[in-house]
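Here's a quick briefing to read with the model open beside you. Take a look at it before you go through the points below.

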Amino acid sequence: MSKQPHLIALDLDGTLLTDKKTISPKTKLILEKAKQAGHIVMIATGRPYRSSSMYYAELKLDTPIVNFNGALVHHPLEHSWGIHHNPLQHHTAHDIVDAMEDYQINNILAEVMDDVYLHYDDRELIDVINLGNPKLQTGDLRLHLHHDPTSILIHADENHVNDIRSHLSQVHAEVIEHRRWGAPWHVIEIVKKGLNKAVGLQKVADHYSIPQERIIAFGDEDNDLEMIEFAGHGVAMGNAISPLKNIAKEITLSNEEDGIAIYLQEVLKL
């Protein structure tokens, strides 16, 4: 099967990256071999571009990238490819801030591409959001957020996350999609309705004329479900959540055991 080019889509956290947020030497080597053999390697992440660009550079990619779970798809090296940006409407963000007054939350963040707006000046998430040095602004989002946000993050205590998510599903279901981050963060991530990594992956596959059966996608979390279902080879990491393993076509080793490299070596005969 390895003669024709395949599109290889990589989630970052818990998938391509080890728990120390690095790419292992073996995985890097096998991805390089895959590129040499004519396969197309890309990143599909919930992260903003600013905090995934270092891995894009490290793998020497020259492909489009899916960020914010599909809310932003662009080609960092070819501006003519176009920027597909589908933000939420800012009044939706204001409505969500209003609603959150009835819940116990630690903070609400709005990301407008690479600018970050913090509702409260609580900086617990700062290490996570500071990657790539975004422009930070603090203050009531209803007063300060005048642009349509690419995504909204709600940081709450673990025991409040499910209540908040059921509120979002009941009240805002027609305009938003929401996910939860993997441990240790109890963060709910919100993007515009209808967006997910599979939507971004489809755009890139169309660009390269790669059919679904030649798409290999790797993931481990809630936000990888659609992508893993969409790909002809939807592969869950050994450390993936159960719902993802249940729908994956195949399961490989964990992100700490070179799961991506082992799978690609075998399937693409690298």
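Predicted model: local features only at pLDDT ≥ 70, side-chain atom pairs only at ≥ 80, totals over all residues.

Residues are numbered from 1 along each chain as its sequence is written, and side-chain values use heavy atoms, with hydrogens and water left out. Helices (H or I, at least four residues) and strands (E, at least two) are DSSP runs, numbered from the N terminus.

**The five-stranded sheet**

- Start with an open sheet of five strands, paired in parallel in the order β2-β1-β12-β13-β14; two strands pair if DSSP finds at least two bridges between them.
- At the edges you'll find β2 (40-43) and β14 (250-251), and each has a single partner strand, so one side of each has no neighbour in the sheet.
- Strand β13 (residues 233-236) pairs with β14 in the parallel sense over two bridges, and Ala236 sits opposite Ile251 in β14.
- On to β12 (215-219): β12 and β13 pair in the parallel sense over four bridges, and Ala236 in β13 is the bridge partner of Gly219.
- In a regular strand, side chains alternate between the two faces of the sheet.
- Both faces of β13 are covered, with His233 and Val235 buried on one side and Gly234 and Ala236 buried on the other; buried means under 20% relative accessible area, exposed over 50%, and partly exposed in between (1.4 Å probe, protein chains only).

**Helices**

- Helix α8 (197-208) lies across β1 (7-10), β2 and β12, and runs at about 155° to β1.
- Helix α11 (259-267) lies across β1, β12, β13 and β14, and runs at about 160° to β12.
- For those angles, axes are lines fitted to C-alpha atoms, for helices over the stretch in contact, and angles run from 0 to 180 degrees between N-to-C directions.
- In helix α4 (residues 90-100), the buried residues are Thr92, Ala93, His94, Ile96, Val97, Ala99 and Met100.
- What do the buried residues of α4 pack against? They pack against β6 (105-112), α6 (141-144), β9 (151-156), α7 (158-172), β10 (176-180) and β11 (187-192), where contact means heavy atoms within 4.5 Å.

**Loop residues to look up**

- Most residues other than glycine have a negative phi.
- Lys21 has a positive phi of about 65° although it is not a glycine; Lys21 sits in the loop between α1 and α2 (25-36) and is partly exposed, at 39% relative accessible area.
- Ser209 has a positive phi of about 55° and isn't a glycine either; Ser209 is in the loop between α8 and β12 and counts as exposed, at 60% relative accessibility.
- His75 is in the loop between β4 (72-74) and β5 (84-85) and counts as buried, at 3% relative accessibility.
- The C-alpha atoms of His75 and Pro64 are 4.0 Å apart, though eleven residues separate the two along the chain.
- Setting aside neighbours within four places in sequence, His75 touches Tyr56, Asp62, Thr63, Pro64, Trp81 and Gly82.

**Pocket and cavities**

- On a 1 Å grid over the protein atoms alone, a cavity is a set of points where a 1.4 Å probe fits but cannot get out, and a pocket is an open set with protein on both sides within 12 Å along at least five of seven lines; lining residues have an atom within 4 Å of a point.
- Grid points are joined across faces, edges and corners, and a volume is the space filled by probe spheres set on the points.
- The largest pocket has a volume of about 690 Å³, and of its 31 lining residues, Asp13, Lys21, Arg47, Trp181 and Gly182 lie nearest its centre.
- Elements giving two or more residues to that pocket's lining are α1 and α5 (126-129).
- How many cavities of 30 Å³ or more does the structure hold? There are two.
- The largest cavity holds about 40 Å³ of space, and its lining residues include Thr15, Ser24, Asn255 and Ile260.
- The second largest cavity holds about 30 Å³, with Asn69, Glu177, Arg179 and Lys197 among its lining residues.
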